Amino acid sequence: MKRIFTFLSLLIILSSFTILSGLDEVVNAMKTGNFNVISKYFDNNVEISMPDKTNSYSKSQAALVLKDFFTTNSVNGFDIIHKGENAGSQYCIGTLKSKNGVYRTTIFMKQKADVQVLQELRFENR
């Protein structure tokens, strides 16, 4: 019985190191252009900035806008330049490589109750 308890305790401790935060999941999804994973973190309203348009969208509209962006710009990779935290908010600045160009990308997430939500996503031409 003591071995089982020790094994379970060890398993719980090790699994806590592999759980990704919301920002980490968004970054990993950005590397492949997986808009489904990214959009599950959207706040009720999301500001999306692109070279040709900037707007605040509802969660469902933002998912369509991001899907369209990734369909037009097939993602070849995402490299992190900087990650940080400030007063319950997390952000990441990176370089998104696509078939149509390279974009400086900023991801801004905020803690709401017990979940992280994505509030702003920026894609700027490099």
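In the predicted model, Asn45 stands opposite Ser58 of strand β2. Residues are numbered from 1 along each chain as its sequence is written, and side-chain values use heavy atoms, with hydrogens and water left out. Because the model is predicted, local features need pLDDT of at least 70 and side-chain atom pairs count only at pLDDT 80 or more, whereas totals for chains, interfaces and linings use all residues.

Strand β2 spans residues 54-58 and is joined to β1 by five bridges, the two strands running antiparallel. Strands are DSSP runs of E with at least two residues, helices are runs of H or I with at least four residues, and both are numbered from the N terminus; two strands pair if DSSP finds at least two bridges between them. Four residues separate β1 from β2 in a hairpin. Strand β1 (residues 42-49) is also joined to β6 (residues 115-125), here by four bridges and in parallel orientation. Within this second pairing, Ile48 has Leu121 of β6 as its bridge partner.

Helix α4 comprises 14 residues, 59-72. The distance from its first C-alpha to its last is 20 Å, close to the 20 Å expected at 1.5 Å a residue; the expected span is 1.5 Å times one less than the number of residues. Ala62, Ala63, Val65, Leu66, Phe69 and Phe70 are the buried residues of α4. They lie on the same side of the helix, because they cover an arc of only 165° around the axis, the arc being that of the directions from the helix axis to the C-beta atoms. The exposed residues Ser60, Leu64 and Thr71 are carried on the face turned away from this buried side. Buried denotes under 20% relative accessible area, exposed over 50%, and partly exposed the range in between, with a 1.4 Å probe and protein chains only.

Thr95, in strand β4 (residues 89-98), is buried, with a relative accessible area of 11%. Beyond its neighbours within four places in sequence, Thr95 is in contact (heavy atoms within 4.5 Å) with Gly77, Phe78, Asp79, Ile81, Val102, Tyr103 and Arg126. The side chains of Thr95 and Arg126 are joined by a polar contact of 3.2 Å. A polar contact is a pair of N or O atoms within 3.5 Å; within protein, one must be able to donate a hydrogen and the other to accept it, and residues adjacent in sequence count only if both atoms are side-chain atoms.

Glu85, in strand β3 (residues 75-86), is exposed, with a relative accessible area of 61%. Not counting residues up to four places away in sequence, Glu85 touches Gln90 and Tyr91.
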